[in-house]
Amino acid sequence: MGDEELHKTRFEQQLSFLIEVDKMKNVLRQTLLADGSRQETDAEHSWHFALMSMVLYEYCTEPHVDLNQVIKMALVHDLVEIYAGDTFAYDIQGNQDKALREKQAADSRKPDCPPLARIYSTWMPFSAKAFSS
């Protein structure tokens, strides 16, 4: 496979991924919008989280926090919910196997979605470290 074909394949995979993650707009969360009019979607939640990170970064007192990395994590942290669904924070039973369901969902999608595999190779170690309490 030549460089041009490899580039085209990568580009096609990226476009396919971007179309796939559009499904985040259909994953409803338990959280209502600020005006209470309806439930927010995973896409809205991730976008708002990223925007809040940018706006409120000036209050961060941790010296080694990389804003670029925080924004990336905010945008991708719920991608797996396209396949695993959203688990409400106060759903005791649902949270018991949430990590396993999300890992299985991500693992099942990696072979046919290289961009997702790259994202989760960054996200999963962070997630395991951040939420293993």
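Mentor: Arg101 counts as partly exposed, at 24% relative accessibility. The term rests on relative accessible area: buried means under 20%, exposed over 50%, and partly exposed in between, with a 1.4 Å probe and protein chains only. The partner of Arg101 is Asp97, and the closest N and O atoms of this salt bridge are 3.0 Å apart. A salt bridge here is a side-chain nitrogen of Lys or Arg within 4 Å of a carboxyl oxygen of Asp or Glu. Asp97 is also partly exposed, with a relative accessible area of 33%.

Please keep in mind that this is a predicted model, in which local features need pLDDT of at least 70 and side-chain atom pairs count only at pLDDT 80 or more, while totals for chains, interfaces and linings use all residues. Residues are numbered from 1 along each chain as its sequence is written, and side-chain values use heavy atoms, with hydrogens and water left out.

By the salt-bridge rule, the count comes to nine. One of these joins Arg38 to Glu44, at 2.6 Å from N to O. Arg38 is partly exposed, with 39% relative accessible area, and Glu44 is likewise partly exposed, at 26%.

A further pair has another setting. Asp78 and Arg29 form a salt bridge whose closest N and O atoms lie 3.1 Å apart. Asp78 is in the loop between helix H3 (67–76) and H4, whereas Arg29 is in strand S1, so their pairing ties together parts that are 49 residues apart in sequence. Helices (H or I, at least four residues) and strands (E, at least two) are DSSP runs, numbered from the N terminus. Both members of this pair are buried: Asp78 has a relative accessible area of 6%, and Arg29 stands at 12%. The two residues also belong to a network of salt bridges that links Arg29, Glu40, Asp42, Asp78, Glu81 and Asp86.

Strand S1 (residues 28–32) also contains Leu28. Leu28 is partly exposed, with a relative accessible area of 46%. Leaving out residues up to four places away in sequence, Leu28 touches Gln39, Glu40, Thr41 and Asp86; contact means heavy atoms within 4.5 Å. Two of these neighbours, Glu40 and Asp86, are members of the salt-bridge network. The C-alpha atom of Leu28 is 10.0 Å from that of Ile82, although the two residues are 54 apart along the chain.

These elements belong to a protein of seven helices and two strands. Their order along the sequence is α-β-β-α-α-α-α-α-α. Among contacts with a separation of 6 or more, 50% are between residues 24 or more positions apart.

Next, consider the nonpolar side chains. A nonpolar core is a set of buried Ala, Val, Leu, Ile, Met, Phe, Trp, Tyr and Cys residues joined through side-chain atoms within 4.5 Å. The largest such core has 14 residues, of which Phe17, Val21, Leu79, Val80, Leu116, Ile119 and Tyr120 touch the most other members. Helices H1 (3–21), H4 (81–84), H6 (98–109) and H7 (114–130) each supply at least two residues of this core. H7 provides the largest share, three residues. Apart from its neighbours within four places in sequence, Phe17 is in contact with Leu79, Cys113, Pro115, Leu116 and Ile119.

Finally, the surface. Of the 133 residues, 27% count as buried. The protein exposes about 9,400 Å², and carbon and sulfur atoms supply 58% of that area; accessible areas come from the Shrake-Rupley method with a 1.4 Å probe, and for residues only the protein chains shown count as cover. Trp47, Phe49, Leu51, Met52, Met54, Val55, Leu56 and Tyr59 form a nonpolar surface patch with about 830 Å² of accessible area together. Patches consist of residues with over 30% relative accessible area and no salt bridge, with like charges joined within 9 Å and nonpolar side chains (Val, Leu, Ile, Met, Phe, Trp, Tyr) within 5 Å. Met54, a member of this patch, lies in helix H2 (residues 42–56) and is partly exposed at 47%.
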